[in-house]
Amino acid sequence: MKAKQHLEKVLGSILEAKGWEWPEKAVIEPPKDNKFGDMSANIAMMLSKQAKMNPRAIAEAIQGELAGDKYIEKTDIAGPGFLNFTFSPAFWQALVPEVLAKGDEYGRSEIGKGTKIQVEYVSANPTGPLHIGHGRGAALGDCLVRILEFTGHDVEAEYYVNDAGRQMLILGNSIWVRLQQSQGRDIADPEDFYKGEYIKDLAAEVLERNPGILDMPEDEAIAICREYGKDEILEGIKKDLAAFDVRHDVWFSEKSLVSAGKVEETFADLKARGMAYEEDGALWFKSTELGDDKDRVLRKSNGDLTYFASDIAYHDDKYKRGFDIVVDIWGADHHGYIPRMQAAVEALGKKGQLDVILVQLVNLLRGGEQIAMSTRAGKFETLEDVVNEVGRDASRFMFLSRKSDSHLDFDLELVKQKTMDNPVYYVQYAHARICSVIRKAADQGISVPEAEASLLDGLTNAEELNLMKLMDQFADVAENAGRNMSPHVISYYLRDLASALHRFYSMHHILSAEAEVIAARLVLLQAVAQTLANGLNLLGVSAPERM
């Protein structure tokens, strides 16, 4: 944010001249009500103890020093010492050429330079197709990866393939049972069983490829069913994620942890640190030393590993691969598991290097009425169904329209409407509307000129300035989204910028104004379109030129 950077620079010079250090808790940000100006700062109050002065007296001293600044038009003092700053139109006008010169790079920063981050998301068991809840996690993870890269971080996206353990055994047995039933064998459905129609399809495919499977020993038959089912389902998951424009750089196999000896390596490390011990034939994690209510089993007395053991070894492997920060995106039902995982990471000597983002459930609606999603027969259970119904852009934008740990109502009919009530349409139409104006201008023989200061000095009305002020906030919004792992703030920002554009369009003539005004406004609109496109790209949503 140029306004914030300018204030940090001039205020920093004032503090240095007075022998004051910049206060750690000083905040510079746009005020909640624009009647207080363009930016506000609490710096005077944060300096009071250090300077041994009344905050208002400090504010008055700073106000006096800023009187000659060519960009700060006015400085007001409010309450106990808040400083409110109003910038000159020339300051905001200077942003427009910068946006156009940087193009797709506008808003990019290097705040994360030198930090290697891994984001692991979706990681659904390969036991069935992705559902709409997985879709929200996929959109969130992919958007976060885009934001972190945009802010200079070295990022790797990963999918953890749960191809070991009990769920895989149930999958293999489910396919085997359906295969036998399809050939007339009187086999009852087990208690733990995947019942979806896709299991019947997989059973038919296994039989076609292995015509002699019914004569095999049962354990061999189940193993064939398990491996085929896992591979086919995983291939379907990859296909669905590709159609959703979701990227994963690494597909990490849970089985590889055991086969490569990584679980035993982690156990040895925990023992060496005094955080694991043997008792009653089992191996235990000493989690009570890190605030847990009881110690947790890692390896049972029969030799079986717990899920927790695999998770610890997996995270240990992540850090050994050189990641400074590890981000896990989990369903909200895993909330109680976070302290345990944080304790394990601390035991590995990586305290504070794990962030967990929770994703709440999605309520799928049609015209305000909830759609049941409990069985495969419910048409809209899967992510593929939803994307086919409303499109990738609408799905991604809606998934990212609210904070991830808040419940989300996703109305299929609403997001298909081409009206301003549809939040996806509302933002995309702002970009398309600008492109339409520029096309109409070209039809009239009017091209968008170079963004020169002499041309832009006519952009002074409230709506024009508001557009420029909002564009100025884009880099700061992206940085905050990255720092706080909160992609939804990008969608909030885009709605604000789209709202300002639609308001400007409804209040001011563009192509019917005077020639100089037309030229200046076309340049401004081109910069707004670029900012909208850059923001939409962070969400993985297109910026259409026609709608």
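How do the residues lining the second largest pocket divide into nonpolar, polar and charged? The legends below refer to a predicted model, and the first of them takes up this question.

**View A. The second largest pocket and its lining.** The second largest pocket, with a volume of about 690 Å³, is lined by 25 residues, and Pro30, Pro31, Asn34, Gly37 and Asp38 are those that lie nearest its centre. By class, the lining residues divide into 11 nonpolar, 6 polar and 8 charged.

View B. The largest nonpolar core holds 140 residues, of which Phe85, Val119, Phe410 and Met471 touch the most other members. Helix α21 (residues 515–539) gives the most to this core, contributing 14 residues. When neighbours within four places in sequence are left aside, the contacts of Val119 include Gly141, Leu144, Val145 and Leu148, and also Val327 and Ile329. Another core, of 31 residues, lies apart from the largest one and has Phe323, Val326, Met341 and Ala343 among its members.

**View C. Asp405 in its loop.** Asp405 is found in the loop that runs between α15 (392–399) and β15 (408–411). Its relative accessibility is 40%, and therefore Asp405 counts as partly exposed, a class that spans the range between under 20% for buried and over 50% for exposed. Not counting residues up to four places away in sequence, Asp405 touches Leu358 and Gln360. Asp405 and Glu279 are 126 residues apart in sequence, and their C-alpha atoms are 39 Å apart in space.

Note on methods:
Residues numbered from 1 in each chain as written. Predicted model: local features only at pLDDT ≥ 70, side-chain atom pairs only at ≥ 80, totals over all residues. Heavy atoms only, no water. Core = buried A, V, L, I, M, F, W, Y, C linked by side-chain atoms within 4.5 Å. Buried < 20%, exposed > 50% of the residue type's maximum accessible area, 1.4 Å probe, protein only. Helix = DSSP H or I, 4+ residues; strand = E, 2+ residues; numbered from the N terminus. Contact = heavy atoms within 4.5 Å. 1 Å grid on protein atoms, 1.4 Å probe; cavity = no way out; pocket = protein on both sides within 12 Å on 5 of 7 lines; lining within 4 Å. Points joined across faces, edges and corners; volume = space filled by probe spheres on them. Nonpolar A, V, L, I, M, F, W, Y, C, P; charged D, E, K, R; others polar.
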